[in-house]
Amino acid sequence: MPFQEMIQASWPILLMVVIFYFLLYRPQKKQQKEREALLNSLKKGNKVITVGGLHGTLTEVHEDYVMLQIAENVEIKVARGSIGRVL
């Protein structure tokens with residue numbers, strides 16, 4: 001098979017790889033960096049919502065978990081990764 005025919009046969013595959021990169025891989029990496037930045041910026045006093053829908057205020061922030069006050073005199077320990085967003 002001559003070189004020119006190989007190029008003509010493989011360009012659709014190369015095009016699919018480029019499309020895959022720009023539509024799937026790159027946006028996912030960007031989201032992952034944003035999430036990591038959010039989790040690293042957590043501090044005491046932040047009002048947050050967990051991925052499970054609990055609203056509360058952070059009272060303690062540790063490496064693997066946070067203490068979340070969800071009502072007066074009610075604190076729960078949740079995994080740091082379960083914080084969905086900061087209000």
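Predicted model: local features only at pLDDT ≥ 70, side-chain atom pairs only at ≥ 80, totals over all residues.

**A loop residue and its surroundings**

A: Asn73 is exposed, with a relative accessible area of 74%. Where does Asn73 sit? It's in the loop between strand E3 (65-71) and strand E4 (74-79). The backbone is worth a look too: phi for Asn73 is positive, about 65 degrees, even though Asn73 isn't a glycine. As a rule, most residues other than glycine have a negative phi.

Now step back from the loop to strand E3 (65-71). For Val66, set aside the neighbours within four places in sequence, and the contacts are Leu42, Leu58, Glu60, Val61, Ile76, Lys77, Val78, Arg80 and Ile83. Several names from that list come back in the largest nonpolar core, among them Leu42, Leu58, Val78 and Ile83. That core has 8 residues, and besides those four and Val66 itself it takes in Leu39, Val48 and Leu68.

What about the chain as a whole? From the N terminus on, the elements run α-β-β-β-β-β, which comes to 1 helix and 5 strands. The helix, H1, covers residues 3-40, and Gln32 is found in it. Gln32 is partly exposed, at a relative accessible area of 46%, so it falls between the 20% and 50% cut-offs.

Buried residues make up 18% of the 87. Of the contacts with a separation of 6 or more, 36% come from residues 24 or more positions apart.

Last, the surface and the charges. The accessible surface comes to about 7,000 Å², and 60% of that belongs to carbon and sulfur atoms. As for charged side chains, there are 11 positive and 8 negative ones, with the centres of the two sets 6 Å apart.

Notes: Residues numbered from 1 in each chain as written. Heavy atoms only, no water. Helix = DSSP H or I, 4+ residues; strand = E, 2+ residues; numbered from the N terminus. Buried < 20%, exposed > 50% of the residue type's maximum accessible area, 1.4 Å probe, protein only. Contact = heavy atoms within 4.5 Å. Areas by Shrake-Rupley, 256 points an atom, 1.4 Å probe, with all protein chains shown as cover. Lys, Arg positive; Asp, Glu negative; His and termini not counted. Charge placed at Lys NZ, Arg CZ, Asp CG, Glu CD. Core = buried A, V, L, I, M, F, W, Y, C linked by side-chain atoms within 4.5 Å.
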